[in-house]
Amino acid sequence: MLPSQPLLHTVVLALTVLQALASDTFIAAVYEHAVIQPKDTYKPVSPDNALALMNKNMDVLEKAIKEAAQQGAHIIVTPEDGIYGWRFTRETIYPYLEDIPDPAVNWIPCTDPTRFAPAPVQERLSCMARNNSIYVVANIGDKKPCNSSDPGCPSDGRYQYNTDVVFDPEGKLVARYHKYNLFMSETQFNYPKEPEAVTFETPFGKFGIFTCFDILFREPAVVLVSELQVDTVLFPTAWMNVLPFLTAVEFHSAWAMGMGVNFLAANTHYTIMSMTGSGIYAPDGARRYYYNMKTEDGHLLIAELDSHPRLSHASPPAVNWSSYASSVKRFSPNDHDFGGLIFYDSFTFTELTKPEGNLTVCQKDLCCHLSYKMAGKQEDEVYVLGAFDGLHVVEGQYYLQICTLLKCKSTDLNTCGQPVETAQTMFEMFSLSGTFGTNYVFPEVLYSGVQLAPGEFEVLNDGRLISKTRPTKPVITVTLFGRWYEKD
């Protein structure tokens with residue numbers, strides 16, 4: 001006799017849990033989604049029309065979730081804005097929002113859809129998780145009524161939040177996170193009154209979650225990792241790439257290495273706005289990543305990760321980021337420093353005029369040291385060593401200390417710092433370090449074609465980022481990206 005459907009689900013779920021418990025690893029998935037956008041975001045649509053658009057996107061996500069589960073994934077992350085898109089006003093996004101309860105209510109929308117009705121999006125996401133026995137992470141909108149007794153209550157009588165939700169393999173809502181650091185264009189949403197540090201336990205480690213722009217700030221990002229000691233961070237994002245330092249795959253990989261955690265980043269795919277770049281990152285480098293500015297296709301990534309990366313033999317040792325740089329004398333003092341802009345920040349540069357050598361460039365309290373040898377200097381390519389020590393103030397205010405070896409756009413030094421995607425020059429070796437005032441430094445090497453270099457460089461415990469391969473692939477940047485949160 002065949003088992004009933006509920007019994008079969010229970011058996012499958014139990015086997016999934018036992019499999020995860022028996023292993024020190026788990027299978028992670030992220031899906032980069034080419035979001036189906038609403039046709040008109042300048043006037044409100046009916047709730048039925050809003051749901052129809054969201055169902056079109058969820059149809060695509062459901063296929064990715066089924067495929068990930070069939071390949072053994074225990075959890076899948078989908079992007080920020082992945083269910084309804086963006087470019088809304090406060091009024092036009094309202095039909096897309098649902099009231100999302102606190103997970104403490106112990107709710108499975110798939111089996112009890114009317115308890116907090118109407119919630120068709122939560123019901124469908126819950127059923128995707130339940131029917132495929134997989135954790136599902138999605139980004140939707142939350143609405144909360146308020147009244148005049150609340151001095152912060154908006155004039156329309158409601159709060160609207162950019163919100164991440166997590167459903168476990170039973171379909172239960174186990175996490176809800178309201179984005180705290182809104183990007184400047186997110187006027188359709190409210191800021192939460194207090195930052196939230198959202199974590200949840202799984203059979204394969206402790207997880208935390210935040211959204212996109214949150215990664216650049218102490219709360220909640222650093223709190224989750226340094227204070228709450230999560231093993232893995234879930235990261236729905238709609239990331240617009242900004243070369244040379246803030247491409248999605250580059251910065252997210254660097255952040256995972258600098259923080260010593262697993263990082264599951266799911267980006268939207270919309271090349272008109274330079275949105276691409278998703279990945280599954282470990283402390284020792286990228287396990288899988290995807291960057292594609294040529295087509296408009298979605299893409300599923302799946303990789304195995306250590307459940308507790310801090311306990312793994314592959315976990316990098318603790319780094320004193322200023323140890324080496326503070327102990328050496330300034331390399332090759334020169335009179336050829338010049339200024340340039342990178343993403344509106346005023347860097348101090350010095351040119352690599354020889355095929356090999358030692359250089360130092362300083363700005364304020366930060367001195368960046370570079371030892372290098374090129375594998376044949378290309379005459380039509382110019383590289384510089386750059387330093388920035390200051391407050392970035394464009395789309396937010398955050399204090400940076402950056403040391404970088406980077407290729408200029410052309411032989412004209414005025415182009416140094418402008419976006420570059422290709423290079424020909426390879427290096428026999430490089431060693432980059434800086435006198436950082438912060439312990440939060442994110443290392444990364446970016447090759448020609450916006451390709452990462454997992455396993456091809458390492459960070460020594462004295463703070464030097466050094467090459468391991470000889471020669472390297474053609475280099476765009478070698479960067480130590482420091483965040484000094486206390487100076488924000």
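How many bridges join strand β20 to strand β24, and in which direction do the two strands run? Seven bridges join β20 (residues 441–447) to β24 (residues 475–483), and the two run antiparallel; helices (H or I, at least four residues) and strands (E, at least two) are DSSP runs, numbered from the N terminus.

## Model and confidence

This is a predicted model, in which local features need pLDDT of at least 70 and side-chain atom pairs count only at pLDDT 80 or more, while totals for chains, interfaces and linings use all residues. Residues are numbered from 1 along each chain as its sequence is written, and side-chain values use heavy atoms, with hydrogens and water left out.

The mean pLDDT (the predictor's confidence in each residue, from 0 to 100) is 94 for the protein, and 95% of the residues score at least 70. Confidence is lowest in helix α1 (residues 5–21), with a mean of 52, and highest in strand β2 (residues 75–77), at 99.

## Domains and their contact

The protein is divided into domain 1 (25–311) and domain 2 (322–487), with bounds that come from an automatic or database domain assignment. The C-alpha centres of the two domains lie 32 Å apart, and their contact (heavy atoms within 4.5 Å) takes 27 residues from domain 1 and 30 residues from domain 2. Between them the domains bury about 2500 Å², 75% of it on carbon and sulfur atoms, where buried area is the accessible area (1.4 Å probe) that two parts lose on being put together, summed over both. Leu243, Phe245 and Tyr289 supply 26% of the area that domain 1 buries against domain 2, more than any other three residues.

The UniProt record, an unreviewed entry, places the feature "domain: CN hydrolase" at residues 31–307; its positions are given in the numbering used here, feature names are shortened, and annotations may be inferred rather than shown by experiment. Over residues 31–307 the chain is 23% helix and 26% strand, and the end C-alpha atoms are 20 Å apart.

Six strands form an open sheet of mixed pairing, in the order β6-β7-β8-β9-β10-β11; two strands pair if DSSP finds at least two bridges between them. Because β6 (198–202) and β11 (285–290) each have a single partner strand, they stand at the edges, and one side of each is left without a neighbour in the sheet. Five bridges join β10 (residues 278–282) to β11 in an antiparallel arrangement, and the bridge partner of Gly279 in β11 is Tyr289.

Helix α6 packs on this sheet, touching β8 (232–237), β9 (262–267), β10 and β11, and its direction makes about 20° with that of β10. Axes are lines fitted to C-alpha atoms, for helices over the stretch in contact, and angles run from 0 to 180 degrees between N-to-C directions. Helix α6 (residues 248–259) also lies across β20, β21 and β24, running at about 140° to β20.

## The seven-stranded sheet

A further open sheet has seven strands in the order β13-β14-β17-β18-β24-β20-β21, with antiparallel pairing; its edge strands, β13 (338–342) and β21 (451–452), each pair on one side only.

Leu341 lies in strand β13 and touches Ser346, Cys416 and Gly417, not counting residues up to four places away in sequence.

## Backbone details

A cis peptide bond joins Leu243 and Pro244, with omega about 10°, and Pro244 is found in the loop between β8 and α6.
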